[in-house]
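Let's take a friendly walk through a protein model and look at how its charged side chains pair up. Keep the 3D view open as you read.

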Amino acid sequence: MEVQPDVPVPRGLLKQNIAERLREEILSGRIAPGAKIVEGRWARQYGTAQVSIREALNILAAQGFVTKGHGRSARVLKLTDPDIIHIYQVRGSLEGLAARLVAEHKLPLEDMESALDGIRDAVESDDLRKVVGSVQHFHVLLLEKPGNPVLLEHGRRLVVPLFAFTLMRALAKNLDSSSWAKQLPLHRLIIDVIRMGNPVVAEQTLIHVMNSFLETALTVWAH
């Protein structure tokens, strides 16, 4: 049998592969929340160039799993209870604004219906990664719908890291999908109240719903 020569992995694919490996290190708890990720150490461990680790960390930062300060080593995201409370407070205002704008302009909601179906399917499969991913998709979709790039940018800065940390904590606690199953009626309510077409009611409902999500977060997965 002819032996095939080693084929170099394209750089783009390499950094994606490394990002996936590091993400699994984080989600498995082998790299703890708040821990520093030293590029040189992981370059040696993975037998790759340090620049590939840096590029992979940029991917993980975009996905919310790590934070990177200018000139500082990346760290695994860690949110305290006050951090979580503050994020949900601002999320309520931003997603409330999004709901008000969608109701005001009577934008179609078929995509949000599909996103809700995705949450329901993920809950039924009891796959936490799919559950958290599908819930994140639903809320990012709401932020996207008004077509306001400032609203979307600030909303994503909160939502993406929050859901990354949610997944980290949920897996660490070996949770099932029951808590998210209980939230299905609230996601149903979000769509229904927007469809009613009253912008003020839609906005206030989102704020109240977000407070309920906060209570669940602090009770179920935050600690």
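Across the whole structure, a search turns up twelve salt bridges. Keep in mind that this is a predicted model. Let's visit some of these pairs one at a time.

Start with Arg 129 and Glu 24, whose side chains meet in a salt bridge with an N to O distance of 2.7 Å. This pair links distant parts of the chain: Arg 129 sits in helix H6 (residues 128–144) and Glu 24 in helix H1 (residues 11–27), 105 residues apart. How accessible are the two partners? Arg 129 is partly exposed, with a relative accessible area of 39%, and Glu 24 also counts as partly exposed, at 32%.

Next, find Arg 54 and Glu 39, which form a salt bridge at 3.0 Å, N to O. Arg 54 lies in helix H3 (residues 50–62) and Glu 39 in helix H2 (residues 39–46), so this contact ties together parts that are 15 residues apart in sequence. Is Glu 39 buried or exposed? Because buried means under 20% relative accessible area, Glu 39 counts as buried at 16%.

Now turn to Glu 203 and Arg 100, where the closest N and O atoms of the salt bridge are 3.2 Å apart. Here, too, distant parts of the chain are linked: Glu 203 belongs to helix H10 (residues 199–220) and Arg 100 to helix H4 (residues 81–104), 103 residues apart. Arg 100 is partly exposed, with a relative accessible area of 25%.

Finally, look for a group of residues: Glu 113, Arg 188, Asp 192 and Arg 195 are linked in a network of salt bridges.

Notes. Residues are numbered from 1 along each chain as its sequence is written. This is a predicted model: local features need pLDDT of at least 70, side-chain atom pairs count only at pLDDT 80 or more; totals for chains, interfaces and linings use all residues. Side-chain values use heavy atoms; hydrogens and water are left out. A salt bridge is a side-chain nitrogen of Lys or Arg within 4 Å of a carboxyl oxygen of Asp or Glu. Helices (H or I, at least four residues) and strands (E, at least two) are DSSP runs, numbered from the N terminus. Buried means under 20% relative accessible area, exposed over 50%, partly exposed in between (1.4 Å probe, protein chains only).
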